[in-house]
Amino acid sequence: MSDRTSSSTAGVTWRLADAPVLAADADTGLRQTLLMTNAAGFLAGYYAMHNQWVQLAWFGLMTAAWFWAGGFQDFMQSLRRDRWLVSLVGLASLLLFRSSIVESPGMGIHDLWLGWLNTAMLVAALMMLWQAGSRPRSVKALGLPLVATACAAAAGSMLIFYFFSSGAMFGSRLNNWFIYGGWNSVCTGLTFGFAATWAMYGWHHASARREKLIWLLMSLTLVAGTLLTMSRGAFLALVIGHAGLVIARGWRDSLKPVSLLLACICIFQLSAPLITRIAVWDASRHQENSAKVVTVNSLADQIIVPNPAARLVERADNGRFEIYGVALQSMTTWQDWLWGKGLWSANDFWSCSLHWYPEHLHSIFMDALVRGGIPTLLGLLAILGWGLGRAFVLAREGEELWFMLACYGFAGVLFDGDSAFSLLTVPRFEVLILWVPLVIASARYSVVRRGS
């Protein structure tokens, strides 16, 4: 770990800004506008588009418009210029091929067609994001809409769920109201935390006073929104993401964002007892005609507890290791370990052993093992390690955002998430927090290295 300030901090930005574009007119005119609008809207959709189908419709229509304007040649260049992306697409294609020709437990024809659409759209989205990320001004063009939308979603959700909705209760675990009318607090926390990490980077690197203030306000809003979800995965990912900054840039260059994050966590911990008291009072007010006495224990995990740090520890693994255990027990033949049970195999082959239905395996790594066997898991780990290495190179040269976000994503999908090889999943956030930073880092690395 080094405390040095890299002499190439401005160098990598200069090289990316002045690097030749991959197509002669891709940085000008209609194609460039459609590409960046498509990417920015797709990413903002994780915070403000009601469901995956709305987001998918946006992506499909905007990609068609981009192709109509002549963007297909640019689209395909991502595969010709980046071996990492080719490897990722190749692994997804192999798993798709295996799932189509080898029997998968509980798979029907509907699962087959939806699965092909799912993987094809994932590959197309990653190639589109690669193109957008390779553009010189992509950090601002993608980051500002994403963070601003996430900030609006966080602030709006607090107002709705704490004050203005019919069942509003101050101090309840925060959900994103704009997704499904109230997204699961874990998914909300992981997506808000991703945007918070991006906002912290923006604040840390802003030079103008007004710009710095705006990024700071968005950072505080998003960190608060993340902590109010009481999601352990989001909390862990926030810490790991900022630890990645320390690893890449050293304490001297990381002190401000790390200190801000720690200050936010301490304030939240100290203010939690007051939040809890208000929450209990608010819940009692809503049940004023009921004989039932409202207490912290009776509200269980619905509200912020007086000691959030202790509560995070008390909740332990929350059944995840039980899920992993029954999943491994379902691997009963050598074929299961060699090529898995297939992308679209029914969850019943493992979930029937549990006393509840968790819907997915709560780890993309466990999912890769169960669905694709040991080779798929090893392939996924190799691709993730390769991509993280590229992000680290960029971080050492002054563009640490992608390494921070990649570290955040790794921590986020370690104990949460469904599949790394699908665009449409139950949790929905895997592409955002895992693949977006790695794909864009690889794109920018390839542009800087000219054909890596």
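**Figure 1. Arg371 and Ser345 meet through their side chains.** The two side chains make a polar contact of 2.7 Å; a polar contact here is a pair of N or O atoms within 3.5 Å, where, within protein, one must be able to donate a hydrogen and the other to accept it, and residues adjacent in sequence count only if both atoms are side-chain atoms. This is a predicted model, so local features need pLDDT of at least 70 and side-chain atom pairs count only at pLDDT 80 or more, while totals for chains, interfaces and linings use all residues. Residues are numbered from 1 along each chain as its sequence is written, and side-chain values use heavy atoms, with hydrogens and water left out. Arg371 sits in helix α16 (residues 364–396); helices (H or I, at least four residues) and strands (E, at least two) are DSSP runs, numbered from the N terminus. Buried or exposed? With 4% relative accessibility, Arg371 counts as buried, on a scale where buried means under 20% relative accessible area, exposed over 50% and partly exposed in between (1.4 Å probe, protein chains only). Setting aside residues up to four places away in sequence, Arg371 touches a list of residues including Leu95, Arg98, Trp339, Lys341, Phe349 and Trp350; contact means heavy atoms within 4.5 Å.

**Figure 2. Asp367 is another residue found in α16.** Asp367 is buried, at a relative accessible area of 2%. What does Asp367 contact once its neighbours within four places in sequence are left aside? The answer is Leu361, Gly372, Asp418 and Ser419.

Figure 3. Which residues of α3 are buried? They are Gln52, Gln55, Leu56, Phe59, Met62, Thr63 and Trp66. As a reminder, an α-helix has 3.6 residues a turn, so residues three or four places apart point the same way. Cover for the buried residues of α3 includes α2 (29–48), α4 (72–81) and α6 (109–133). Over on the other side of α3, Trp53, Leu61 and Trp68 are exposed.

**Figure 4. A closer look at the two ends of α3 takes in Asn51 at the start and Gly70 just after the helix.** At the start, a side-chain oxygen of Asn51 comes to within 3.0 Å of the backbone nitrogen of Trp53. Just past α3, Gly70 adopts a positive phi of about 100°.

**Figure 5. Met230 and Glu359 have positive phi without being glycines.** Most residues other than glycine have a negative phi. Met230 has a phi near 55° and belongs to the loop between α9 (209–228) and α10 (232–286). Met230 counts as buried, at 5% relative accessibility. Glu359 has a phi of about 75° and is found in the loop between α15 (348–351) and α16. At 42% relative accessibility, Glu359 counts as partly exposed.

**Figure 6. Cys264 and Cys266 have their sulfurs 9.4 Å apart.** A disulfide is a pair of cysteine sulfur atoms within 2.5 Å, and a search of the whole structure turns up zero of them. Cys264 is buried, with a relative accessible area of 13%, whereas Cys266 is partly exposed at 46% relative accessibility.

**Figure 7. Lys140 and Gly202 have C-alpha atoms separated by 8.8 Å.** Along the chain, these residues are 62 residues apart. Lys140 is found in helix α7 (residues 138–164) and, at 59% relative accessibility, counts as exposed.
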